[in-house]
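Dear colleague,

Please find the structure below, passed on for your records. A summary of the findings follows it.

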Amino acid sequence: MSRLLDVENLRVIFHTYRGTIKALNGIRLWLNEEERLGIVGETGCGKSVSALSVMRLIEAPGEIIDGQILFEGNDILKLSEEDMDRHIRGKRMSMIFQEPISALNPVFKVGFQIAETIAHCNDISIGDAYKLVPESLEMVGLDWKRSIDLYPHELSGGMAQRVMIAMALAIKPKLLIADEPTSALDVTIQAQILQLLDELVKIGKNAVILITHDLGVASEFCDRITVMYAGNVIEISNSEEIFDEPLHPYTKGLISSIPIIGASRELTGIPGSVPDLVSPPSGCRFHPRCDFCFDRCRTEPPTLSEISPGHFVACHLYSDGVKEG
Amino acid sequence: MHNEGSNVISRRQLLVEDWKHTLYLWRQNKLAMVGTVLVAFFILIAIFAPLIAPYDPIEVDLSQTLLPPSSEHIFGTDQFGRDIFSRVVYGARIEVGIILLVTVISGTIGLAVGITAGYFGGVIDDVLMRITDVFLSFPNLILAMALSAMLGRGVFNAIIAISLVGWTIIARLARAESMKIKSLPYIEAIRALGASNIRILLLHILPMCMSPVLVQLSLRMGSIILTAAGLGFLGLGAQPPTPEWGAIVSDGRSYLVEQWWISTFPGLFIALVVLGFNLLGDGIRDMMDPRIRR
Amino acid sequence: MKLETFIIKRLFLMLIVLFGVSVVVFVVARAIPADPVGAILGGNAPIELVDEMRRRLGLDKPLFDQFLDFMSGVVRGDLGVSIKSNRPVIKDIAEFFPATLELAIVAALISIILGVPLGIFSAVHRNKLVDHFCRVFSILGVSMPVFWTGLLLLILFYYRLGWLPGSGRVGIFTVMPPKVTGLLLLDSLLAGDFGAFKDALSHIILPAVVLGYSATASIARIMRSSMLDVLRQDFIRTAKAKGIGRRLVIYRHALRNALIPVVTVIGLTFGSLLEGAVLTETIFGWPGLGRYIVNSLLLLDYPAIMGGTLFVAVVYSLVNLVVDIIYAALDPRMRV
């Protein structure tokens with residue numbers, strides 16, 4: 001399988017009144033064609049920022065300051081905005097967002113919003129594109145006659161997310177980015193939507209980046225998992241191994257979940273306690289919360305190393321005797 | 001959850017952080033700083049008017065009529081030989097007085113109507129809101145003009161007129177706030193403990209409504225001056241020889257061709273002070289905006 | 001269908017409010033201790049004359065009867081007879097209102113044509129030089145008193161440069177076109193009289209610009225903040241992710257949403273145009289309703305005051321009704 005996406009050393013910062021937030025600290029991601037990658041982490045770890053960077057949708061006060069994003073062999077960070085629109089966004093990549101209802105424009109009918117996407121991708125008029133809309137709506141299991149003329153506020157969350165999926169897949173993208181596609185939905189609907197996505201992606205042979213805070217969902221849906229913490233990629237592994245043999249203490253915590261996730265949820269509400277990305281902890285950014293922390297963790301940031309084939313971790317516990325790189 | 005103690009500390013830290021943030025935003029916002037300076041100047045001029053003004057603002061001196069700006073009369077003199085600069089300086093006092101009184105009166109009426117409507121709801125709410133709608137059906141200045149004229153022209157009646165026109169927005173705001181607060185569980189709890197409606201309204205709802213209402217009132221100060229000056233200009237507000245700015249501009253209307261200074265300088269002061277209030281108001285609104293605070 | 005129920009509901013509410021408006025107008029004009037008869041006749045008038053006057057104006061009746069008289073008149077479209085002009089107030093209004101309407105329409109056009117693009121431009125180029133320029137321009141516009149800018153422009157363009165006329169709707173020597181709509185610009189065009197059109201245009205420019213500037217400024221301010229608000233929304237990110245390009249994102253996806261609140265403000269602006277007209281008309285000697293009301297107030301000509309203010313309130317309410325309907329038509333969420 002050939003490499004579709006290769007992100008190297010991606011650095012993104014946000015300028016705020018308190019200083020510069022180092023949202024992505026030189027991360028590494030890659031994805032083969034038709035592969036499904038899950039990016040997992042808690043709120044603010046940089047997973048959405050990574051996804052938006054791949055689409056080049058980072059805007060002021062955010063800024064991509066370093067790195068490269070090779071998509072089908074070309075560095076898209078070097079493309080102009082116009083070329084991104086002409087060749088990449090809505091042509092080879094598309095995206096699904098977390099809050100489907102607010103992600104749809106409230107003043108346009110569903111049919112128009114899908115047609116617009118199809119029209120742009122195929123360089124045809126919106127009128128012509130309208131003819132393809134019923135097919136897209138049926139594909140995601142909606143009755144097109146009933147739904148094509150609805151406004152977004154007339155849809156349920158589940159229906160709206162189906163519309164978003166129809167919109168994103170209507171253009172047959174090489175890469176689909178799904179940013180927490182189910183977290184805003186009811187639990188019963190979540191399963192339906194994931195199943196639908198699973199089927200459609202199988203048929204369409206799309207590569208997928210699924211962003212979620214739910215490791216269970218990610219490992220079920222994806223081939224490979226990338227765990228992020230405070231703007232760093234800390235572990236990469238295939239979906240089975242991450243559960244059977246998690247390496248990073250944070251990943252272990254995620255899996256035995258209860259104490260860490262409980263604590264972190266509360267901490268996110270209190271500024272200064274969550275890893276503050278303006279002045280992140282020295283060394284390993286996880287060390288203040290890590291049970292296995294030792295001196296080196298406080299001073300030296302660990303790098304991502306391959307411990308076993310395809311299993312990478314950024315943790316000093318594993319760097320002894322292992323060649324870094 | 002942490003224990004009580006650490007919670008209290010973090011809340012205090014939050015407050016300090018909040019203040020720092022507000023100060024930071026204020027310093028970032030150059031226009032808001034300009035506004036603050038303008039408003040501060042305005043208030044200082046009003047307070048120290050007798051020290052600043054070189055001449056009496058009202059006394060007629062027919063030997064000094066219609067003099068152009070010079071080192072002796074930096075803004076010139078009017079047809080009665082009065083020093084325009086002194087009149088403008090004393091005028092600041094009148095404008096400050098108008099702002100304060102209108103703010104207090106319209107704020108009180110608005111709060112009373114708003115929290116009553118919001119708290120009791122139902123028919124009381126309907127009736128009070130229809131009354132508010134009635135007042136909102138008039139363009140502000142027109143109703144103020146009519147009231148001021150019928151009450152008898154003069155500064156105080158102008159103040160009453162502007163207040164009677166200006167309370168509606170406050171009422172709507174206070175109503176929305178008190179409806180929000182009313183549904184909070186602790187109000188339910190207090191009521192269950194047997195507190196009377198009046199007590200709840202005055203001790204619990206009212207204080208909670210104050211801060212948005214105060215912000216709104218401060219946003220409106222610029223337009224109060226504009227309305228008052230408009231009334232003065234039309235001859236329906238402050239009467240001569242009161243040195244109200246709008247009235248002074250009106251004094252100069254017959255002398256526009258040769259003695260442009262009579263109208264120009266007081267008008268400039270109105271513009272600068274209103275500009276100050278608007279810049280400051282914009283700044284306050286920005287600083288309150290949760291999206292910008294983020 | 002739902003839009004219609006909405007309109008009917010709003011119309012009904014408006015009737016209730018207008019009744020309240022009439023009460024307020026009546027209370028303001030009659031129940032307040034100003035002495036119209038004294039104002040008209042002067043303090044030293046003989047008592048018989050005063051009594052006669054009071055009888056003629058119906059002021060000798062009990063207040064409640066006066067109110068009933070007034071209300072039944074209002075319903076019949078009879079607003080009484082002006083003390084000063086001795087004509088039915090409704091006739092006076094019919095004569096003066098078109099001038100105000102014309103002024104307000106031209107000013108509104110100026111303010112919409114300038115204000116909306118200015119606000120968009122400012123928002124799209126946020127924190128750039130043009131944005132700062134637009135913001136200063138708008139904040140000055142809402143800060144400067146209309147009567148002052150009016151006088152300054154009058155000094156400059158009329159007294160100093162002599163480019164534009166200083167007062168009235170047409171020059172003394174211009175023959176007025178036959179009255180069709182009462183709007184001179186329109187009537188002169190209908191009559192094919194381009195000379196009169198040019199003359200009317202040159203007269204309306206200054207007052208309309210003065211009046212329009214503050215409205216331009218407030219529309220630009222709201223447009224800017226509304227646009228910035230919309231540009232932060234999730235669906236804008238979706239539109240960007242579609243790759244349709246910046247222009248379409250702004251003009252198709254953002255603008256339509258951002259215009260919704262602006263429509264309301266344009267309605268409110270019309271109210272401020274009506275009140276601004278009072279001042280502008282006074283400065284530019286514009287024979288409109290605003291000046292009519294001011295003059296009536298100065299003379300305590302209270303039938304004219306009541307008729308004039310009531311009329312303005314009705315017009316203002318109608319404008320707001322139309323705005324609400326447009327609002328509902330623009331925003332599909334409103335209709336549910």
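From the N terminus on, chain C runs α-α-α-α-α-α-α-α-α-α-α-α-α, that is, 13 helices and zero strands. Helices (H or I, at least four residues) and strands (E, at least two) are DSSP runs, numbered from the N terminus. This is a predicted model, in which local features need pLDDT of at least 70 and side-chain atom pairs count only at pLDDT 80 or more, while totals for chains, interfaces and linings use all residues. Residues are numbered from 1 along each chain as its sequence is written, chains are lettered from A and ligands numbered from 1 in the order in which they are written, and side-chain values use heavy atoms, with hydrogens and water left out.

The C-alpha atoms of chain C fill a box of roughly 85 × 55 × 40 Å along the principal axes. Of its 336 residues, 51% are buried (under 20% relative accessible area, 1.4 Å probe, protein chains only; exposed means over 50%, partly exposed in between). Among contacts (heavy atoms within 4.5 Å) in chain C with a separation of 6 or more, 73% join residues 24 or more positions apart.

In chain B, I43(B), L44(B), I47(B), F48(B), L51(B) and I52(B) make a nonpolar surface patch of about 560 Å². Such patches take residues with over 30% relative accessible area and no salt bridge, nonpolar side chains (Val, Leu, Ile, Met, Phe, Trp, Tyr) being joined within 5 Å and like charges within 9 Å; a salt bridge is a side-chain nitrogen of Lys or Arg within 4 Å of a carboxyl oxygen of Asp or Glu. Areas come from the Shrake-Rupley method with a 1.4 Å probe; for residues, only the protein chains shown count as cover. The largest share, three residues, comes from α2(B). L51(B), in helix α3 of chain B, counts as exposed at 70% relative accessibility.

Yours sincerely
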